[in-house]
Amino acid sequence: LTRYGIAYMATIEKVDIENLLKNIIDPNVETDLVTARSVKSIVVDGDSVAVRLELGYPAKSFIEGFKQQITEQINALEGVSSVEVDIKVNIVSHAVQNNLKPIANVKNIIAVASGKGGVGKSTTSVNLALALAAEGATVGILDADIYGPSIPTMLGLSGYPESQDNKTMMPKVSYGIQTISIGYLIDADQPMIWRGPMVTNALQQLLNDTNWTDVDYLIVDLPPGTGDIQLTLAQQIPVSGAVIVTTPQDIALIDAQRGLGMFEKVNVPILGIVENMSMHICSHCGHEEAIFGTGGGVSMAKKNNIELLGSLPLDIHIRQYADCGRPTVVADSESRVTEIYKEIARKMSAKLALKGKDFSSKFPNIVVQNT
């Protein structure tokens, strides 16, 4: 622009950058960057802009593309000649049920549940744990299915866990994630003929007597139903959130609704629903067929006003990889199925990042002494 022969250049203001960021949606939290409180600083120096963002969830495979998108949009503003966008990840502990305190060295516990067996919950749990790790988090998985532990097989592990003090156990590590299961402590063909109190005590020992190391997310793979294990977890173990796994068929949705209701009654936030086996894709011709019906996960999510985190196909390779002890996320890391697992993992942890934080570690211990 010129006036009276003098050239004028448009100037950029901090408020212009903030208004632009209000229109950029983070697809994982499904809200804009300002509302999500991801914007930590905006610095404008003449025609140069520097923006610092912070995400509360792991997003290793997402950050670079998102950074490029934000940089391009800021660069398009008149008056901007250089842009620097820095995105960091900061995973913190989130609030748990009333009167419970987080476990030492574990920031967040996420329960993966289903009301019905056979919906692929354990396979989903393992792949979500591996997806979180692939996205940059430190992850553990606790196999809470005392009667039918399957995590050791899926992760290709066996043998007793090590103990350095003869009192506690070191988690067994597979593909970078820390794991513990009753399956490591018994023979593979040994039946667990235990009553409820023994089962719940075993769950608490597995959790509390394991030396977890700086875990951001501990995935708890629950057995199906709403029995002793689920009630113990909901009432006595500090859970930050829960994910419900279902298939589209009506009978699975009915049972999943019961599992969801249990967590709601004990004030555990539901992070979302995962619809497994949503579509069968023929390995020979590629034909897609909804064997278990369609729209079940969507309708359940709408009914309960929660998120459908994602839908997974009925794919023979998912089963084959799990049976071989090398789950999909590590066996076929570039596949579309792995991409879906990562998308679900990001959305799940992003939903948790929007929940209230835990500040118990910030308060000093108060000791009253007689003097």
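The structure is a predicted model, in which local features need pLDDT of at least 70 and side-chain atom pairs count only at pLDDT 80 or more, while totals for chains, interfaces and linings use all residues. Residues are numbered from 1 along each chain as its sequence is written, and side-chain values use heavy atoms, with hydrogens and water left out.

Eight strands form an open sheet of mixed pairing, in the order S10-S11-S9-S12-S8-S13-S14-S17; strands (E, at least two residues) and helices (H or I, at least four) are DSSP runs numbered from the N terminus, and two strands pair if DSSP finds at least two bridges between them. Strands S10 (172–174) and S17 (308–311) stand at the edges with a single partner strand each, so one side of each is left without a neighbour in the sheet. Within the sheet, S8 (residues 106–113) and S13 (residues 241–246) pair in the parallel sense over four bridges, and Ile110 stands opposite Gly241 in S13.

Helix H11 (residues 336–353) and helix H3 (residues 121–134) pack at an angle of about 80 degrees, their axes being 8 Å apart; axes are lines fitted to C-alpha atoms, for helices over the stretch in contact, and angles run from 0 to 180 degrees between N-to-C directions. H3 is therefore roughly perpendicular to H11, a term that covers angles of 65 to 115 degrees.

Finally, Lys172 lies over the face of Tyr184, at 5.7 Å from the ring centre, where the rule requires NZ of Lys or CZ of Arg within 6 Å of the ring centre and within 35 degrees of the ring normal.

Conventions:
Parallel < 35°, antiparallel > 145°, perpendicular 65-115°, else oblique.
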